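Hi there,

Here is the structure I promised to pass on to you. Have a look at it first, and then read my notes below.

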Amino acid sequence: MNREEFHVQVEGLWKRFGHRVVLRNVSFHVARGETVAIIGPSGAGKSTLLRCLNGLCPFDAGIVRIGPHVLRPGKRPAPFATLRLIRQRLGMVFQDFQLFPHLTALQNIIEAPIHVNQMPRKEAERRALALLARVGMADRGDAYPRELSGGQKQRVAIARALAMEPFGLLCDEITSALDPELKAEVLAVLEDLRRDGMTLILVTHELAFAQRVADRVIVLADGEIIEDGPPHQVFAAPEHPRTSRFLEQVAL
Ligand SMILES: Nc1ncnc2c1ncn2[C@@H]1O[C@H](COP(=O)(O)OP(=O)(O)OP(=O)(O)O)[C@@H](O)[C@H]1O
């Protein structure tokens, strides 16, 4: 897939865990370069939805298109080779960083380029140093995760995702475990990526950030999209009473 082809299309997605329906007929589109924030009450299905987009979570009905690639219902949403291509171009960053504790920041970043993409080590290291600089961590390449603050760990995790040269990033509450000043440094990196044309799909509780930075805000409640529009519309004039209730609760 090339950059021009990249987009995310979700049509009629359904997901159950046992008898519990977690996603109900979810459809939306994210164009290349868009920043979309997914917000909503706890348990609404936000993380599950994100994980369906890169094949981490199989789904029961519907279809997901990532550029020319297709994820389908069933235990194996796509052949392994397709999943690899999707995950390369649609990276994911998690709330709990998921760095390898026994590897330095630099080693964490070069791991996938070397072992998945067969990139020569020297080349991978050169790129990793540039990525560390990009996330403001130029001098911490030799640090182990335990020696880094949460904000620094998350910036390494972002650099690691960027090492695969993605066109889009899925971010699952990536600032939720961080203190306020550390949140700001991670959010600044996201804004920088957005300016550079990265497509961002963010599950977030940072409503002020969503309001200021997102092109669109999707509100998920009980597995259903109840709102999908520009931030000024969703925050100032929501269509659904549940959105108003949610926003009031969060503001308290
Ligand atoms: N692997 C799983 N097995 C069974 N149930 C699950 C699994 N993963 C999630 N669920 C359930 O699916 C529902 C949606 O969970 P999900 O984590 O997607 O919600 P969320 O909107 O991201 O919530 P939060 O904001 O609290 O993270 C919840 O009821 C959760 O308990």
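Predicted model: local features only at pLDDT ≥ 70, side-chain atom pairs only at ≥ 80, totals over all residues.

Let's start with the annotation. The UniProt record, an unreviewed entry, places the feature "domain: ABC transporter" at residues 8–247. In the model, 38% of that span is helix and 25% is strand.

Next, the ligand. Which residues surround the ligand? They are Phe17, Val22, Gly40, Ser42, Gly43, Ala44, Gly45, Lys46, Ser47 and Thr48. Sorted by class, this shell holds six polar residues, three nonpolar ones and one that is charged. Helix α1 (residues 46–53) supplies the largest share of the shell, with three residues.

Now to the helices. Two packed helices are described by two values, the angle between their axes and the distance between those axes.

The crossing of α3 past α4 is right-handed. On the α3 side, the contact is made by Ala105, Leu106, Ile109, Ile110, Pro113 and Ile114. From α4 come Arg121, Ala124, Glu125, Ala128, Leu131 and Leu132. Of these contact residues, ten are nonpolar and two are charged, with no polar ones.

The pair α3 and α5: here the packing angle is about 25°, with the axes 8 Å apart. Angles under 35 degrees count as roughly parallel, so α3 is roughly parallel to α5. Again, α3 makes a right-handed crossing, this time past α5. Ala105, Asn108 and Ile109 of α3 meet Val156, Ala159 and Arg160 of α5. That contact divides into four nonpolar residues, one polar and one charged.

The pair α5 and α6: at what angle do helix α5 (residues 150–162) and helix α6 (residues 180–195) pack? The angle is about 20°, and the axes lie 8 Å apart. That makes α5 roughly parallel to α6. Their crossing is right-handed. Gly150, Gly151, Gln154, Arg155 and Ile158 form the α5 side of the contact, while Leu182, Glu185, Val186 and Val189 form the α6 side. By class, there are four nonpolar, three polar and two charged residues in this contact.

Enjoy exploring the model!

Best wishes

Conventions:
Residues numbered from 1 in each chain as written. Near = placed C-beta within 6 Å. Helix = DSSP H or I, 4+ residues; strand = E, 2+ residues; numbered from the N terminus. Nonpolar A, V, L, I, M, F, W, Y, C, P; charged D, E, K, R; others polar. UniProt positions renumbered as here; feature names shortened; annotations may be inferred. Axes fitted to C-alpha atoms, helices over the stretch in contact; angles between N-to-C directions. Parallel < 35°, antiparallel > 145°, perpendicular 65-115°, else oblique. Left-handed = near helix turned anticlockwise from the far one by under 90°. Contact = placed C-beta atoms within 7 Å.
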